[in-house]
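Have your viewer ready and follow along.

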Amino acid sequence: MVNYAAYCLGIPYVWGSIYLFDGQASVFAPTLAEDAPCYRCLYPEPPPPGMVPSCAEGGVLGVLCASIGSIQVNEAIKLLTGIGDPAIGKLVIYDALELEWRKLRVRKDPNCALCGENPTVTGLIDYDSFCGAISEEALDAAAGSTISVTTLEHMLKERDEGIRDFVLVDVREPNEAEINHIPGSVLIPKGEFLNGHALEQLPSDKQIVMHCKTGIRSAETLAIVKGAGYSDAVHVGGGVAAWVNQIDPSQPSY
Ligand SMILES: [Zn+2]
């Protein structure tokens, strides 16, 4: 979206990105030079929804923000003052663990949807649906299979009374579960569902109820569990955040 806005305004986009222990930076300025690429020349498609790890799963080494942010400011100063050679058409890659900087050439894509010869993006698009905050599979799985925290509280009570049986699975990361949790849940992080190991740990004769922090990750794992044959599996809308907000405000939130 920023790339598109910069392109429409005819101004350079000083870009930076960080993930785990790596960082990347570049300057996209297709309106300044004819052969200069834009962000979409480099990354034409967003990654599939659900494959982007949350901050809790992926995370970033904090000091990377300063390393890459400093590169961006340096590039902005160069562009504003007209000194030096801005990183147009160059991709700088920083590996913090190896303390290694690399510089790659990025070429303009003649088929780029935005700055190419026959652009297909000519107006603002719906970036939520383009980038898919939640995947089609997860949306399908969650339709009609989402319960509220009030329903869950009732179900847990019935489980305690022996009237009902199910397994409540928390798909967050262990450090998140240390902050707050829904009593009676078992922790199996989302990654275990993606690699298939979680399915071996689930009983085949009980209903599976899944929750995460807000209901995005649990919808993604719900799709996997339903795909494995657990047709009556459900997930908790709003996740533990809603639980703390509506059922147990004594627990901390994050
Ligand atoms: Zn482009």
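Predicted model: local features only at pLDDT ≥ 70, side-chain atom pairs only at ≥ 80, totals over all residues.

## The antiparallel sheet

Four strands make an open sheet in the order β1-β2-β3-β4, and their pairing is antiparallel.

Residues are numbered from 1 along each chain as its sequence is written.

Four bridges hold the antiparallel pair of β2 (residues 22-28) and β3 (residues 90-95). Within it, A25 stands opposite V92 in β3. Helix α3 (residues 64-81) packs on the sheet and touches β1, β2 and β3, with its direction at about 170° to that of β1. Such angles run from 0 to 180 degrees between N-to-C directions, and axes are lines fitted to C-alpha atoms, for helices over the stretch in contact.

Which residues of helix α1 (residues 2-9) are buried? They are N3, Y4, A6 and Y7. A residue is called buried if 20 or more other C-beta atoms lie within 10 Å of its own, exposed if 12 or fewer, and partly exposed in between, with C-beta atoms placed from the backbone. The buried residues of α1 pack against β1, β2 and α2 (39-42), and the helix is followed by G10, whose phi is positive, near 70°.

The loop between α3 and β3 contains D85. With 7 C-beta neighbours inside 10 Å, D85 counts as exposed. D85 and L99 are 14 residues apart in sequence, and their C-alpha atoms are 23 Å apart in space.

## The parallel sheet

A second topic is the open sheet of five strands, ordered β5-β9-β8-β6-β7 with parallel pairing. β5 and β7 (185-187) stand at its edges with a single partner strand each, so one side of each is left without a neighbour in the sheet. β6 and β7 run parallel and are joined by three bridges, and D170 stands opposite L187 in β7.

The 12 residues of α6 should span 16 Å at 1.5 Å a residue, and the end C-alpha atoms are 16 Å apart, which agrees; the expected span is 1.5 Å times one less than the number of residues. V149, L152 and M155 are buried in α6. Their arc around the axis is only 110°, which puts them on the same side of α6. On the other side, T150 and K157 are exposed. The buried residues of α6 pack against β5 (146-147), β6 (166-170), β8, β9 and α11.

In α11, the buried residues are G239, V240, W243 and V244. Seen down the axis, they fall within an arc of 155°, so they line one face of α11. Their cover includes α6, β8, α10 and β9.

## The nonpolar cores

A nonpolar core is a set of buried Ala, Val, Leu, Ile, Met, Phe, Trp, Tyr and Cys residues joined through C-beta atoms within 7 Å. The largest one has 28 residues, and I208, V209, M210, L222, V225 and A233 have the most contacts inside it. At least two residues of this core come from each of α5 (136-142), α6 (149-160), β8 (207-211), α10 (216-227), β9 (234-236) and α11 (239-246). α10 gives the largest share, five residues.

Leaving aside neighbours within four places in sequence, A233 is in contact (C-beta atoms, placed from the backbone, within 7 Å) with S145, Q207, I208, M210, L222, V225 and K226. Apart from this core lies another of 21 residues, among them A25, I68, I71 and L114.

Technical notes. Contact = placed C-beta atoms within 7 Å. Arc of directions from axis to C-beta. Pairing = 2+ DSSP bridges.
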